[in-house]
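Please read the following report alongside the sequence and the coordinates. It is written for a reader who wants each geometric term tied to its cut-off.

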Amino acid sequence: MSSKDLANIEDLKGYLKGTPFVSSGIDVLTGGTGNFTCRLRLISPYEGQPTLVLKHAKPYVFTSENRFPFSLERQKFEVEALRIVRECMPKNSLVTVPKVHLFDEKESVIIMDDCGDQSTTLKQFVLDGKCTLDVAETIGSELGIFLRQLHDILNRERHPAVCDLFEGNAEGKRISAWATYGRLMSTLKGEAELPAFDPPLTIEDDEMKVISKVEEEMSSMILEARDTFVMGDFWPGNILLSSFESHTGVVEKINVIDWELSKTGLPGLDLGQFTAEMDLLRRFCPSFKIAGTKMLSAFYGSYSAEEDITRMAMFHWGAHLIAWTPRVPWGSSEETREMVAKGIKLIVAVYWAINMEPSPTRVYLPSSFPYPIKISSIDTAASNDIARGTRLLSYSFVYLGQAPGSQPETRFGTWDSAIDGTLQTWNINVGDVISQRKAKEKPVAVVIEPCKHGMQLHGLCVLCGKDMTNIDYIGFSDTSRASIQMTHSASGPTVSLEEAQRIERETARRLLKDRKLSLIVDLDQTIVHATVDPTVGEWIAEGEAWEARRAAKGSEDNHDPDDHCNPNWDALKDVKKFRLGPETLGNPSRAKGRLLSNKGVENDGCIYYIKPRPCWQDFFKEMAELFEMHVYTMGTRAYAEEVCAAIDPDGKAFGGRILSRDESGSLTQKSLQRLFPCDTSMVVIIDDRADVWEWSPNLLKVIPFDFFVGIGDINSTFLPKVEPLTVSTPPSPSTVEASSSVPTETGFTPEEIEQSEAEKKTMLSKNSETLNAQVQERPLAKMQEELKQFTAADGSLSKTETISSDKPGVEEKQPKEKAPPRKALLENNDTELIRVNEILSEIHYKFYNAYDAHSKKPGEPPQKRKSGSSKSNKPLYDVTRIIPEIRANVLKGVNLLFSSVIPLDTRPESTEIWRMALMFGAKCSTELSPDTTHVVAAKRGTVKVDAARRRGNIKVVWLQWFTDSVALWQRQDETRYLLDLPPAAGPSTSPPTASSDLDIDIDDEDWDLDSPPTSGGVALGVSQNAGFHANEINWNDINDEVEAAMMESDDEEEEEANSVKSDRSGIRSENASEEEWSDESNSVASTNNTPKSKRKRLRSLTPSETPGINGDADGLRSPLSKRKKVAADRSKMSKLKVAIHADDLRRTASREPSASPVVRVAGSRANSPENDSDMEEVTGPLGDEGENENYDESGAESAEEDFLAKEMENEWG
């Protein structure tokens, strides 16, 4: 070796002088660690190539500070490996290796082909965001084919000389064994003093024992392997791409470089290393998530690994995550610990799946058999081995044809096995008759399987490597054996129920040791509020520019008093923003085969503006001490990861535990069983919507965060506005038992799948249209402008006011005032997370207080309970018991009576408000009783309200008292909500309500028929002192009214009686006349479609039915309502309500013979302004509440018409 240092550019130029490789420029390449590598820009092309790559080796790892020894002999193995692989692999292969042009063993120099000036490693290609789905699939498939051919061709059976040569690379074997497996235990014990493990990881003793065994066994196997040639360092940094076209998915050349560790070894290690590195890229490069999954799926699909290779790949995947993630700068400490924990779980799961004793599989008859059937013969005896397709039994059944007169006939069928194993026992005999119920409840045989395929990944069994996607005539797919997706990634392994139970036991043990619970956190309107309105970006730019101007001017004295900041700037300072491309929005919207007009969002994506809820940082910090938090959102995966990167940049809160709609399996519902399929006793949920969780007992509903006024949840436009309120129950024992056995042939038809996909596309299109509408219409700008105009109009009053002058007739204008400052549309005053923090802390305290009191041993997991166990059988340390108990204490001791809140055509027990009251500990009744403590009313002057006032000792409150108490999980002081006061301004849990100064609602069928009409709050009835005379009456109007009353069509009444009545129940606004409150997360459709007889109230109106929006609402009114409208429209008063004397009639008749007589309504009474401005329930002559609440419309109308006729007879004689 010369004295020159060829890692020095000048010395290297001297070395190349006089050779064909003299260069005009030398570019040092980065990425490798073992050698000095550079690109030579040749003065004269060599074999047509303008550039080549030079590698110079030192007897140590080139980039190591401590000069870790690395023998120069490694170059010999690399040169031989490049030569042999290039000769043996197919010439037309897309994946190849560089050609060696020079190997100077004395100077330790290798000069080889360059993959191109613009070539890049696969890792960098991914990090640069260039890997599309098509390119990912192409690369994964080609690499899988290449690696499979490499392992199949270069083995001892086909090329023993090659294996003998590379078996001699003992140093390569030692490095591979030590670099990964030799550092497992030291890494996990904290002996390596890695920053990510301060504090040390909490690992169970049994897990450490498993990892110790794996470390020892795998190290030994690597050192002893001698039958298969392996690359030894197969990862994305050693894969070079060149001449690719990302828009077409065409990759022209892929070169695999750095073969210094090639040796005889374990093929699974090449697969496992590549899988682990791709998994890290998926985790730390969110935009690559989907493409990375596609690449891995194609990679394993084209390789088609056997059972033992797959197991080794899974072991090496986990081991690589443990040993290498903390030593390579990937992400934060929390993210690193997360990936290490994932590696631990993977190793432990595979180890136990391999080493546990095979458990028996109970086999059931298919549900598709023509039951009842009779067993004709048992074709496979017990203790025999069976394979898929083995004949098990034959049976007979009676067939009855469809044609008339067909006679029953006996037919025969057979049953073949869908699994492999040993048939242990039969539970049936020849001649047994089996019904469908018996077949469902009792297994007919027990089989011992060599592998239950309890963990699967990308269509392969992790435990045995069998392809799970094959489907034959039997119609049973092995993928159903492990259908539970417990990981946060849709591309993670799926497990069986048995494996899921084991994993959850381990999780529970770990959480109990750390004194934590699991917390599922929704994002939109729970932790953040999002919009895509560009107005927000403009306001932020205005604020930042204003801040810059102030900073440039220095002191306060230099500031321009007329230079005002955007009024929303203070609230927008912590708003985060990011851009998502169109690929994150789903399929483009189409209508009649054409793209809709939302091309901006569909083609260009949009910028999202995210406002974190006030106090979010303190909330995360405190909750991270008590809970292991998971994100569960209806947003896309890309959206969720961007939001989490903004609000949890170091990963301390969520640690990458994110579940989006892309993985959840539903666009309209959230499932707790998606993450915790077996036990939810340690799981709490916080979400602004309860309907998507079907009111799970684990749920703590929060008040929606509405920062961007009027925007709502931009990721929930496809969610139902109203969801039925149902109580979620655990699966029945039979369901669990069946799921642990071999499933029968079930599934969706192709038509159902197609329909589901079409509905999904429609939902996603609707969501895209909503985003596009925000971008185009800019609703926040419009609302700010309206607020500005309102403020200006309000301020203009003071500017135009005049003051009196000393001189008569002279007015002086006030001095001109400055324009009022702009008001802020956005407010930053939300305190909901403080309240939620308190409740969550209480839940945590109660859980561990009960756990400590009932546990014999610290860290012992909760006792296993049977599914469907009653509340009384639940231990006290169970979230599903603690949360309902806390909730029930809110209104404990309260006995409620609702007035004008529940529609009369609805069973009260089926309404949401009734259920809510019971959930929060109140008792409810439909009538006033001695136990009643509160009357919750939506309006004044009802029978129930008046009766409660007369009785005394009953608190009569507005509806908002109830809604605020429920929303805040705390009973509110009734003083602020008493009915004799205007409704209190509570939290923003309800939509804005109407003014308390109500006009008469002509649609209200509780309209007081005995009350005289009013005008401006004054009764229009004629008192004794009134000077009203008959000649002032318009008799033509009277005739019209009488005719309208007498000639009402019975058909119309019948039509109204038979019309479809709304069975929707809902909480109505506290002081709106008859409008029902319809919070989209709380409103519920009644599950009872049989309304009580003789109870009728105006049905709910949808926005499309509201008068003034889509036309007149007369079609919605009953005949009685129509007559009220006619009466109210006549000069603001009805002459039928006017009391006159008979003398006036006689005098009028004598003067005006042609005038028509008038009917005097008996019993008319003057109404108070309060009762006149607020509607009353219809009361009877005796004021009996129960009788009058059960009147029916037809009876009321008939009574009114009979009454009018009788009065006319009396008056006319």
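This is a predicted model: local features need pLDDT of at least 70, side-chain atom pairs count only at pLDDT 80 or more; totals for chains, interfaces and linings use all residues.

Residues are numbered from 1 along each chain as its sequence is written, and side-chain values use heavy atoms, with hydrogens and water left out.

Five strands form an open sheet in the order E1-E2-E3-E6-E5 with antiparallel pairing, where strands are DSSP runs of E with at least two residues, helices are runs of H or I with at least four, and both are numbered from the N terminus; two strands pair if DSSP finds at least two bridges between them. Strand E1 (23–28) and strand E5 (100–104) are the edges, each pairing on one side only, and the twist from one strand to the next averages 20°. Within the sheet, strand E2 (residues 35–46) and strand E3 (residues 49–57) run antiparallel and are joined by 8 bridges, with Cys38 standing opposite Leu54 in E3.

| Helix | Strands | Angle |
|---|---|---|
| H1 (residues 9–16) | E1, E2, E3, E5 and E6 (109–113) | about 140° with E1 |
| H2 (residues 74–88) | E2, E3, E5 and E6 | about 25° to E6 |

A nonpolar core is a set of buried Ala, Val, Leu, Ile, Met, Phe, Trp, Tyr and Cys residues joined through side-chain atoms within 4.5 Å; buried means under 20% relative accessible area, exposed over 50%, and partly exposed in between, with a 1.4 Å probe and protein chains only. In the largest such core, of 108 residues, Leu840 and Phe962 touch the most other members, and helix H24 (residues 832–854) gives the most to this core, with 9 residues. Apart from it lies another core of 100 residues, among them Val85, Leu184, Ala276 and Ala319.

Ser681 sits in the loop between helix H20 (661–664) and strand E32 (683–687), and Ser681 is buried at a relative accessible area of 1%. Its side chain makes a polar contact of 3.0 Å with that of Asp679, the term standing for N or O atoms within 3.5 Å, where, within protein, one must be able to donate a hydrogen and the other to accept it, and residues adjacent in sequence count only if both atoms are side-chain atoms.

Key
Axes are lines fitted to C-alpha atoms, for helices over the stretch in contact, and angles run from 0 to 180 degrees between N-to-C directions. Contact means heavy atoms within 4.5 Å.
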